[in-house]
Every structure is written in C-alpha cells, then in structure tokens.
Amino acid sequence: MPRRTVLLAACMAACAIAAPAVAGATDAAHVAVEAAPPQTLGALVDAQTMRAANSDPELRTLLGISGDGIDLSSQLTDVSPARRQVLRQAMQDNLDEMERYVAAHPVQGQDRWTLGLMRWFYDRQIEMMAPAWAPAWLPAGATTYAVDQLFSIPVMLPQFMENQHAVRDEASALAYISRLRAIGAKLGQVRANFDLQAAHGVLPPQVALEGAAAQIRALIAPAPAQSRFVLAFGKKLEKTALPEARRRELLAQAEAGGQADTNPGYARLLARLEQAIATNPGDKGMWALPGGDAFYDAALRWNTSTDLDAERIHQLGLAEVARIQKEMDRLLRAQGMEQGSVGERMAALANDPRFLYEDSDAGRAEVVADIHKALARLEPQVPKYFGRLPPSALEVRTVAADAQATAPGAYYLAPAMDGSRPGLYFINLGNPKVNTRWSLPTLTYHE
C-alpha cells in the first residue's frame, strides 16, 4: 500500500475518533513538504496530508510521525477561536489546489478514487464548518460541541497523555512536562469555544454537560502527585534508563506543572460548565440549534458518505431492525427461548447468571482474560479475509476508573506509524452487567 494511502487513512481515522486535526501549516512544515511542486496527484495528497499533520502536534503524536526533522512533541494543538477561519480557508485552499492540478493533468486509474475521496473530504468539511458556531478544530462534526462527555478535548486529554505520549528518554520526558503545563492554556481555548457557541445559543445537551463535569471533578479531586497525569508519567519514567534521582526530579516538575497549570485549567472549565448546567438547558437535539437542520443533513453526508436524507435513512434503519429481529427470533427459538418479544428474551439472556461476570476485581480480570482468548481464536482466521496484515500488536487496556461512568463501553485507537505504540483496545469495566460472556466476543471483534 502506498505511504500516502496509509497516512491519509490513518490521518482521517485519527481525526474522526480521537484528536482534533488542523489543516494549516507551520513554516517549517511548509518548507519541508512543499520544496517542489507536486508532480502527481498522489504527491499532492501527500503534501496536503503532511501539511495538516505538521501543523497539529497532537496528531503527529497520535500517528507516530517522527524522525523527519520536525519536533512538535512538547506542544499541544492550537484550538483557539482564531483558528476557525484559518481552518476554513485551509480546506478551501486544498480543494482549489487539487482542482487546479486536475485541470492540468489527466486523472486515470487509482487516482480517480483518490480524487473522489479528497473532494468528498474537503466538501463535507467545508459545509460542516459553515455555521458561525462551528468550533475551531477538525474534522467538524467529530465533536460538534466544545465540551461533551465522550470524545471532547477535556475528557480525551488524560487518555492522550497516558497512552499516546511516549517517554523514552529525558527529552521526551521534558516534552511531557511541557505539554502538562500547556493543558491549562488549551482548556482556556476550549472554554473560549464554549463561550462562542453559547453566544449563538448553542449549548451541549445537559447529559453531556453533566457527564463531562463529573469526569473533570473526578480528575482534579486527587492531590497533584496522585493525578492521572502524574501517575502515568511516573510509570513511563520507570521504563526509561534515566537515573532514579533524575526521575524523581522530573516527577516533581510534573507535579508542580499539574498544580500550577493543569488542575487550575480544569477547575476554571468546570466552573463554566456548572454555570451552564445551572441554566437547565435540557437534552435538546440538533433541531434546536440555529441552522440545525442543515447541519444535521451535512452530518448525515459526512457520516454515511451518501446523499440520503434523514427520513430515508430512518426507514432503512427500521427495515434493518426488523430483519435482524426476525433472524434473532429464529436463533432464540432454536435455543428453546420462545416466549416474549425478542427484546424481552435478550434482556433475560443479559441477566442470566450463567453469563454474568462477578462484580469484583477477579471478575473484571476474567473479562480481560476472555478478551485475550477471543482475540487468540480470531487471529488464525484473519488471513482468510485480509490480504495485508498489520505489523503492529494489539494491546487491551481498561478505561480509567474516573471516566467509566460516561465513557463508551469500548473503543479502539490505531497504532503509531513509528512503532512507538501498538493498537489499543479499551474496555470499560465500570458496569459489570454490560459485558456478558456471550456478548463480549462480538464487542471484541467489532473493536
């Protein structure tokens, strides 16, 4: 697979689930990537993709791009409101650049697919960035609101620092501390986006506000020395060859950064969320936002890659649910379960003691062990379906305790391209009844 295909796929996937990407360019990145005009469509896509990655420090870390003379590992990505217009213009400039290339060069073979994908990507992002309340990050629509309980910046920053910032030596340790100190300022940018949206009458649903607030309270409750950021840093330092005395010094610097910058930044954001929660905004949908109908239609195009309208998609969903329920009924009857609706029978299965894990440390350890067993059963089957196999390993990790109440049941992060991090499958063990012995393999294979 060409490098540009791998990088573009990784870049778009990373943007879609984990980190807000930008499409501007630092001066260094601009010089490094565009020293000469692109000679092929693929080279143009390479240049545009690297321009995006090289202006987004967190995305570079997430993708594992290193060794190219550009080191942004001590910085966090700029999401200040001033970036909004920069991002909008960058998307349009990239599209215009591509159209100029196509006008002068014939597009054949695989390039036709590349061209279609990139036109779709830029067109969809441009229309989703159109509302005056669109936040200052890409992809637009990945996290519509400045703050939510699932994948917004405040709730994902701890995961980013824990699982994506590698600490191998003193330089990368100091970069970690620099990023820790930058979190307060970044959360100030998030708060500015929150205020910008609120000024347009756009507030997250109450459930999202309360979920995010609960996670922040749990995050800043411990003393700085016991915070997730500092504890994670300590574990990373233990795996380095740094002398013990130096590790202690670096750990003390991280603790001071958490106390002076990180925790106060979270506290200020929490105060703003609590102020919004006190207004009791309710759990209104996109329909209640200014231009919400148009944004919803744009979001459908972005998330489904079709031009089907909401009603048509709804009808397809109803038909698919009916088809699946019919098949489930057949399978349940084959197991001797004939009474009640499909939903009632599935609820009975979900509460059947035979399939429940124990609500204890031993039970949670068994969940993780069964995930590993399911993966071991799957591994010999993968080559039958895929011609190219990933070289990176897959690691199973558990969602942090202070995020369990509002985090998804499971999620996946792609491996780093430089090999510094494997693929990560996160399982939420907060509610022992969610994962049953019969449902866990399906969840695992999905992730």
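**Surface patches, helices and salt bridges in the predicted model**

Y385, F386 and L389 make a nonpolar surface patch of about 390 Å². A patch is built from residues with over 30% relative accessible area and no salt bridge, with nonpolar side chains (Val, Leu, Ile, Met, Phe, Trp, Tyr) joined within 5 Å and like charges within 9 Å. Accessible areas come from the Shrake-Rupley method with a 1.4 Å probe, and for residues only the protein chains shown count as cover. Y385 sits in the loop between α15 (361-378) and β1 (394-398); helices (H or I, at least four residues) and strands (E, at least two) are DSSP runs, numbered from the N terminus. With a relative accessibility of 67%, Y385 counts as exposed, where exposed means over 50% relative accessible area, buried under 20% and partly exposed in between (1.4 Å probe, protein chains only).

The structure is a predicted model, in which local features need pLDDT of at least 70 and side-chain atom pairs count only at pLDDT 80 or more, while totals for chains, interfaces and linings use all residues. Residues are numbered from 1 along each chain as its sequence is written, and side-chain values use heavy atoms, with hydrogens and water left out.

A patch of negative charge on the surface is formed by D293, D297, D309 and E311. Asp and Glu count as negative and Lys and Arg as positive, with His and the chain ends not counted; the place of a charge is taken as CG of Asp, CD of Glu, NZ of Lys or CZ of Arg. E311 belongs to helix α13 (residues 310-334) and is partly exposed, at 47% relative accessibility.

Helix α3 (residues 41-54) contains 14 residues and reaches 20 Å from its first C-alpha to its last, close to the 20 Å expected at 1.5 Å a residue; the expected span is 1.5 Å times one less than the number of residues. Twelve of the 14 residues of α3 are buried, so this helix is largely enclosed by the rest of the structure. Among the buried residues are L41, L44, V45, M50 and R51.

Several backbone features fall in loops. The peptide bond from L138 to P139 is cis, with omega near -5°, and P139 is placed in the loop between α6 (110-128) and α7 (153-163). N280, a residue other than glycine, has a positive phi near 55°; N280 lies in the loop between α11 (244-277) and α12 (292-304) and is exposed at 53% relative accessibility. Phi of S305 is likewise positive, near 55°, and S305 occupies the loop between α12 and α13.

The whole structure holds 26 salt bridges, each defined as a side-chain nitrogen of Lys or Arg within 4 Å of a carboxyl oxygen of Asp or Glu. R168 and D418 are paired in this way (3.9 Å, N to O). R168 lies in the loop between α7 and α8 and D418 in the loop between β2 (410-413) and β3 (423-427), so the pair ties together parts that are 250 residues apart in sequence. R168 is exposed, at 52%, whereas D418 is partly exposed, at 33%.

A salt bridge also links R248 with E244, with 3.2 Å between the closest N and O atoms. Both residues are in helix α11, four residues apart, about one turn of the helix. D359 and R364 form a further salt bridge, at 3.1 Å between the closest N and O atoms. Salt bridges that share partners also join E366, D370, K373 and R437 into one network.
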